[in-house]
Amino acid sequence: MAAAPKTLVEKVWDDHVIGDDLLFVDLHLVHEVTSPQAFEGLRTAGRKVRRPDRTIATADHNVATGPGEPDELSQAQLAALERNCADFGVRVYPLGHRRNGIVHVIGPELGLTQPGMTIVCGDSHTSTHGAFGALAFGIGTSEVEHVLATQTLPQRRPHTMRIDYAGELGPGCTAKDMILGTIAQIGTDGASGHVVEYTGAAVRRLSMEGRLTVANMSIEAGARAGMIAPDDTTFAHLEGRPGAPQDFDAAVERWRRYATDEGATYDRTVTIELDGIVPQVSWGTNPSQVAPITGVVPEPADETDERALRYMDLRPGTPLSDIAVDRVFLGSCTNSRIEDLRAAAAIVEGRRVASSVRAMVVPGSFQVRADAEREGLDRIFTAAGFEWRGAGCSMCLGMNPDILEPGERCASTSNRNFEGRQGRGGRTHLMSPAMAAAAAVTGRLTDVRELVGG
Amino acid sequence: MKPVRLISGTVAPLDRASVDTDQIVPKQFLKRIERSGFGEFLFYDWMQQADFPLLWPEYHGAPILVTGRNFGCGSSREHAAWALQDFGYQAIVAESFGDIFATNCSKNGLLTVVLEPDAIRELLDSAPAEATIDLEAQTVTLPSGRAVPFEIDAQVRERLLNGWDDISLTEQRADEIARYEAERERVGPDALAI
């Protein structure tokens, strides 16, 4: 008798569950902010890291990406990471290492992120790695300590949700517009308690960079994780990377089974229509408060919207393309990969950053930075007036010197527009790299299609 | 972790939806490498606003915070749970919670209770009245005296009631984990070849 059909997430779950409630972790990614208390807990209890060979650390949240040193507390936290990794035998890529970068950028870049894996990290955007067909999710510091000590996590079998895309992305639209449009439709808790699988021809057509952007923002819809079944695009991206399996063909054969079986069912399914979608921008203080750039600031639907409009200092009915920006941030684990930088550079080339705008590019890793420099992208950006920075989380969360001043308005390729996220009193508008580049050159939120004649 | 059983006292209201963990503890306070002392940073930006209800004297020392749906969405920072607990809250009652946040709370003995919107509304509107949460019976006694039941994961409930430490529980299954590892490394590729 044939086995019952399974979804992608069920296959990965079944491959990793011990008993029925303990999940084995293939890859544990660690960074400086959410790990110090976990290592300290191990020390106090006299415990070791069970599998240092499945644990990798990098410094990203707290590093300075421009000239100057991080503040004293940040330096202490960065030093603690290096000390903890040395004490417990964990490999670490500190600032200055050629493999240093944002944890969710270097995992895929080094070929550590692979189909069918379980991956955790003390960071909510761990969902990013689901783009490879891995079950990847963010955890808190107590769970970080638990994984360090046992290489497992107590978990419940996840509920499954399918987000199926119908139609095609139009001109000027990217993976970012797809996922922003999705969250606008289902809300910031639209996928709570579920692991999402993204399906549809439009997903298949996305590059790995695009898939990473979609999976990255799963958490902004409340999902525990977001997955995309691996295919030839995935395998081609992985081949030749340092962490890729030596017998690559055999690995590909193994990975091909990580696809949802015909006839398998999900607990929920949502269909998102892509035809007619235009570039999206956020207007509020959560990632579901999003509208098409051709639209206006909407009338508030509830008190949450009213608070958001007050914080953002926006009036209903204002055309979104009339909103002037002070800053542009191109970076973050959502959109700081080479393809993102290429897309932005294509808009910027031959143009100047508006005189009223301060714009910066923060590559996701030092590898991305080197690749971009090899292609000459840095020269395009700097010639236009962008700052070309080192790698890190930078102004996505502003734990480092890269922050907005109170009242400043920013076109940002990051993932969260929460109050104060990019700096106290700062106002964030989320959008794609091409849209952020367009905003940089015009000094206001802009439909990128106007600049490419699309 | 201290056992959690009965929580009784003043209800402090935060009548907002989708309060994210960036609001609960802003990022500039995540640089500390300790686990304690985060209470003073709780709702840091909102606490600077005179009309922020949690500042009012009648809510000082309240053990129960009641709030809207999707509380604790966003960043995985456990500092949010540490700050709420350090400030004095023993239980958070809401329509729903961010997944990672709720897990973080459970690991620290901070009880999260999900109630229907009508019960949440009654709690918000009757604050600073008193309520009682009985984890063993899985009920919340509202200020009106009406007792409403709540659901909670059976394992989480048992750990909280007993104050058990997760890691010690899992370590008791070390043989099971070792067997799994041996099998996995026989059939699968080694994870990190670099």
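Q: What makes two strands pair here?
A: Two strands pair if DSSP finds at least two bridges between them. Strands are DSSP runs of E, at least two residues, and helices are runs of H or I, at least four, numbered from the N terminus. This is a predicted model, where local features need pLDDT of at least 70, side-chain atom pairs count only at pLDDT 80 or more, and totals for chains, interfaces and linings use all residues. Residues are numbered from 1 along each chain as its sequence is written.

Q: OK, which order do the strands of the open sheet take?
A: The order is β11-β10-β9-β12 in chain A. The pairing is parallel.

Q: Which strands stand at the edges?
A: β11 (225-227) and β12 (268-273) of chain A. Each has a single partner strand, so one side of each lacks a neighbour in the sheet.

Q: And how many bridges join β9(A) and β12(A)?
A: They pair over 6 bridges. In β12(A), Thr271(A) stands opposite Asp164(A).

Q: Which strands does helix α6 of chain A touch?
A: Helix α6 (residues 175-186) touches β9, β10 and β12 of chain A. Contact means heavy atoms within 4.5 Å.

Q: Switching to β15(A). Are its residues buried or exposed?
A: Arg327(A), Val328(A), Phe329(A) and Leu330(A) are all buried, meaning under 20% relative accessible area, with exposed over 50% and partly exposed in between (1.4 Å probe, protein chains only). Arg327(A) and Phe329(A) point one way, Val328(A) and Leu330(A) the other.

Q: What is the bridge partner of Arg327(A) in β16(A)?
A: Arg358(A). In β18(A), the partner of Arg327(A) is Cys410(A).

How values were computed: Chains lettered and ligands numbered in written order. Heavy atoms only, no water. Axes fitted to C-alpha atoms, helices over the stretch in contact; angles between N-to-C directions.
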